[in-house]
Amino acid sequence: MIQFSDITSWIHETLSGLLSPGLTFLAELVLAGVAVLAMVLVFVVIFVYMERKVAGFMQLRYGPNRVGIWGSLQVIADVFKLLLKESFAPDSVDKLLFNLAPYLVLAVSFMALAPISWAPGLQMWDTNIGVLFISAVSSIGVIGILMAGWSSNNKYSLIGAMRSGAQIVSYELSAGLSILAVVAMCGSLSVHDIIQSQADGWWIFKGHLPIIFSFVVYVIASTAECNRAPFDLAEAESELTAGYHTEYSGMGFGIFYLTEYINMLVVAMVASTVFLGGWLPFHIYGFEAFNHVMNFIPSWIWFFGKIFFIIFLIMWFRWTFPRLRIDQLLKLEWKYLLPLSIVNLVIVAFITIMGWHF
Amino acid sequence: MKTVLRYLQEVALAFRSLWSGLRLTLYFFTHPRKEIITEQYPENRTTSINIPERFAGEVVLTHDENNEHKCTACTLCEMACPNGTIKIISAQVETEDGKKKKVLDKWVYNLGMCTFCAQCIDACPQNAITMKNSFELSVYNRSDLIKTLNKPGSKLKEKS
């Protein structure tokens, strides 16, 4: 079977034969960037379609079903509509910040994709601080949101951005602590090492109850970080029209929308890497025949399957729960999630020291 | 100790109540055929569409099988209409015994101005007009909205 690492090494050899080492590196950077961009855009289109279908079914309706078979071309039609619309900036906005904000948000969410391991040997940047890098970079996005809210010169946008700031800063803590539980058990921050440490079983199974608890906390906290319902106070259609992107139109709005889904993708990738074993197949210790059958399913199916599972969880929350009030939101984080994850981390550290995990 | 227990109990109860909501939406998600209540409009217009009999769609002047209507051109409906939708054009005709009589010439109905309030129906002393339950009223040309409701050649129904 062709592995992704074979393809990348073949591309590297071909380019090295044609170009000087410096140019090869540059060409590979561009190729990797374009590949990730195309991949992510395809994912986002699938996510938007999936979101609308899931929403429809959960609310006893069909979702899009007119454009194409089962409405499958609806999202593409919407993307073309956004591309054709004028990106209009109102008179009294801060033009520089207003036009910069969407691109900053987008760039930040693409940066978080850098240390992700997509398949065996297919990783753009195998750094030893991978998980730390992702959680650090993904919280820079709030600067773009604050920028958009401030520069719009609009009270609703500013309130939305401020809420988003408060929310992301607080939920970053419990998301980080829940990832730390796994990092403590496996002893490495590198994405590759974390995946390799799960070859004999995913952390969610190996790590007993504390890891299951930190998985739940991570899903809740990351939903909040993505500014998605039930934590969508930053947008809150019924209160703030659209929050920080009220004044954006055309592709400016489109980029914010795109970023929301890329953030979801990043969150799902981190959750599936850290808790569900990344691209590793599902193995049960002792069942050799079963494990052998599981090995035949390609790694990308495992990885994408896990991503879609997490995304479905997030969508399921969105279309079930009503929006929290701002005080309830902060109460949930500071009074429940954070103390519980700290206690959880202590328990995990104790288990790790005693060597009780598998 | 008691507070800690209550705190943990609160967390457990929260998860239980959240799960009951999640279970319901998961049931809806996994049983789309059974649960979806949306009507597919253009497809169902010949099959399952149900427009109630009393739905106020448009005003019609009822004609019987002899092409006779009951309108005496009293213009009470025209006066009752808040929008100026109705225009009754009457004509003077001479009966056999030499009397002059006012009869209906044109019952002009401007659908574009009608708000379907049915005050004309209430105002009519002869019960000559009713509301029909039709609802696909759009036309391509604005002048098509102005309709003459009395059929050509129709006449007043004689009192029996």
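**Buried side of α2(A).** I listed the buried residues of α2(A) in this predicted model. They are A:F43, A:V44, A:F47, A:V48, A:Y49, A:E51, A:K53, A:G56, A:F57 and A:M58. The list made me recall that residues three or four places apart point the same way, because an α-helix has 3.6 residues a turn.

**What they pack against.** Within chain A they pack against α3 (74-84), α12 (250-274) and α14 (299-318). From chain B, α1 (2-30) and α2 (32-35) join in.

**Length check.** Does the span of α2(A) agree or disagree with its residue count? Helix α2 of chain A runs over residues 21-58, and at 1.5 Å a residue its 38 residues should span 56 Å. I get 54 Å between the end C-alpha atoms, so that agrees. After α2(A) comes A:L60, which has a positive phi, near 60 degrees.

**Chain contacts.** I then turned to the interface: twelve residues of chain B are in contact with eleven of chain A. On the chain B side, α1 and α2 each supply at least two residues. The largest share, seven residues, comes from α1(B). By type, I have eight nonpolar, three polar and one charged residue on that side of chain B.

**Confidence.** Last, the scores: ipTM is 0.75 and pTM 0.80. Chain B has a mean pLDDT of 86, with 99% of its residues at 70 or more.

Technical notes:
Residues are numbered from 1 along each chain as its sequence is written. Chains are lettered from A and ligands numbered from 1 in the order in which they are written. This is a predicted model: local features need pLDDT of at least 70, side-chain atom pairs count only at pLDDT 80 or more; totals for chains, interfaces and linings use all residues. Helices (H or I, at least four residues) and strands (E, at least two) are DSSP runs, numbered from the N terminus. The expected span of a helix is 1.5 Å times one less than its number of residues. A residue is buried if 20 or more other C-beta atoms lie within 10 Å of its own, exposed if 12 or fewer, and partly exposed in between; C-beta atoms are placed from the backbone. Two residues are in contact if their C-beta atoms, placed from the backbone, lie within 7 Å. Ala, Val, Leu, Ile, Met, Phe, Trp, Tyr, Cys and Pro count as nonpolar, Asp, Glu, Lys and Arg as charged, and the others, Gly among them, as polar. pLDDT is the predictor's confidence in each residue, from 0 to 100.
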